[in-house]
Amino acid sequence: MGVLRTVSNFVFGMECLGCGSSSERLDPWLCPACATELVRESALPAFPNEDTFCLFPMRPLTRRLVHALKYRNIPGLASYLVRHSSAVKRGMVGQELLMLAQPLHFAPVPLHRARYRERGYNQAALLAAALATATGGKLCRMLRRRTFVVSQTKLSKEEREMNVAGAFEMARLREIPMRGSIVVVDDVFTTGATTSACLAAFGANFPLPLKVCTLLYDEPSTAAADFAADCRADWDGMVRRKNAALRL
Ligand SMILES: [Zn+2]
C-alpha cells in the first residue's frame with residue numbers, strides 16, 4: 001500500500017476524492033472520514049428487485065467516486081470500492097451469491113468499443129474481476145454489444161429501455177459455462193434497462209441461474225432530478241450564450 005499511496009499521491013495529488021480536502025492520510029483515495037462514511041453508506045445494500053444486488057446506494061460520496069472511476073482515469077477505484085463495501089467486508093455478497101449454484105461466472109456489461117478506446121478500460125469488467133476475487137468466482141466476458149448505444153444519462157426511462165433493448169448478444173466463446181451461475185455486473189443500476197437487456201441476451205432457454213450485481217443503486221427519482229438539473233444547466237447556458245450573442 002505504501003508504494004501505491006506514493007504513486008497515487010504523485011499522480012493525483014494529496015486530495016481526497018470524496019471531500020477534496022488535502023490530507024496526508026489518504027488510503028490512497030479517501031481521507032479517514034470519507035473512508036468511514038463509505039463503509040457506513042454501504043451498510044444497507046439495495047435489492048431493487050429479487051434478482052439484483054447493489055453494493056452501495058447513490059449518495060454524494062459514491063456518486064463522486066463512480067464518476068472518478070469512469071471519467072478521471074482511476075481504474076484502481078473499482079477493486080477499492082468492492083473491497084470497501086460493507087456487504088463484501090461482512091461476507092454478505094458471498095452469502096447472497098453462495099446460495100446460487102457454484103461456480104459463479106461474473107459477466108461484465110460490455111462497453112462500446114469507441115468508449116473503451118477513449119477510457120482505456122471497462123469499469124464493469126474491473127468490478128466483475130474484483131467481485132470474482134472477493135467470492136472465489138471467475139470473470140467471464142460472455143456478452144458483447146450489438147449496436148452503438150448513445151449515452152444513457154440524459155434519457156427518460158422509456159427512452160432508455162427502447163435504446164438498449166436488444167443491444168447485447170452472447171459472445172462466441174469457445175466454452176459456454178455448463179454449470180454454476182451467471183452474475184451480470186454493471187456500475188450503476190437505475191431503471192434496470194441495461195441489465196435487463198443483458199439478461200435477455202442469454203435467451204429464454206439458458207440453463208444456468210442469472211443474477212445481477214452492480215456497484216451503485218440510483219433511485220429513478222434521483223436520476224430524474226439529475227436529468228432535470230442537467231437540463232436546467234443546459235438551458236441556463238443557452239440563455240447566457242444567447243444574451244451574450246445579442247449584446248454583440
Ligand atoms: Zn475526504
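1. Let's start with Tyr71, which is found in helix α3. Helices here are DSSP runs of H or I with at least four residues, strands are runs of E with at least two, and both are numbered from the N terminus. Tyr71 counts as exposed because it has 10 C-beta neighbours inside 10 Å. The cut-offs go like this: a residue is buried if 20 or more other C-beta atoms lie within 10 Å of its own, exposed if 12 or fewer, and partly exposed in between, with C-beta atoms placed from the backbone. Also have a look at Arg119: 48 residues along the chain from Tyr71, yet the two C-alpha atoms are separated by 7.5 Å.

2. A quick word on what you're looking at. This is a predicted model, where local features need pLDDT of at least 70 and side-chain atom pairs count only at pLDDT 80 or more, while totals for chains, interfaces and linings use all residues. Residues are numbered from 1 along each chain as its sequence is written.

3. Now the whole chain. You'll find eleven helices and eight strands, and 36% of the 248 residues are buried.

4. Back to α3. Its twelve residues reach 16 Å from first C-alpha to last, close to the 16 Å expected at 1.5 Å a residue (the expected span is 1.5 Å times one less than the number of residues). Thr62, Leu65, Val66 and Leu69 are the buried residues of this helix. Seen down the axis of α3, they fall within an arc of 95°, so they line one face of the helix; the arc is that of the directions from the helix axis to the C-beta atoms. The face turned away from that buried side carries the exposed residues Pro60, His67 and Tyr71.

5. What do the buried residues of α3 pack against? Their partners are α2 (32–41), β2 (52–57), α4, α8 (123–135), β7 (181–189) and β8 (210–217).

6. Helices α3 (residues 60–71) and α4 (residues 77–84) pack at an angle of about 150°, with their axes 9 Å apart. That makes α3 roughly antiparallel to α4, a label for angles over 145 degrees, whereas under 35 is roughly parallel, 65 to 115 roughly perpendicular and the rest oblique. Axes are lines fitted to C-alpha atoms, for helices over the stretch in contact, and angles run from 0 to 180 degrees between N-to-C directions. Leu65, Ala68 and Leu69 of α3 meet Leu77, Ala78 and Leu81 of α4, contact being C-beta atoms, placed from the backbone, within 7 Å.

7. Between those two helices sits a loop, and Asn73 lies in it. Asn73 has a positive phi of about 55° although it is not a glycine. Most residues other than glycine have a negative phi, and most peptide bonds are trans. Asn73 is exposed, with 12 other C-beta atoms within 10 Å.

8. Two peptide bonds are worth checking too. The one from Asp27 to Pro28 is cis, with omega near 10°, and Pro28 lies in the loop between α1 (2–12) and α2. Another cis bond joins Gln102 and Pro103, with omega about 0°; Pro103 is in the loop between α6 (92–98) and β3 (104–108).

9. Finally, α8. Eleven of its 13 residues are buried, so α8 is largely enclosed by the rest of the structure. Among the buried ones are Leu126, Leu127 and Leu131. Just after α8, Gly136 takes a positive phi of about 75°.

How values were computed
Two residues are in contact if their C-beta atoms, placed from the backbone, lie within 7 Å.
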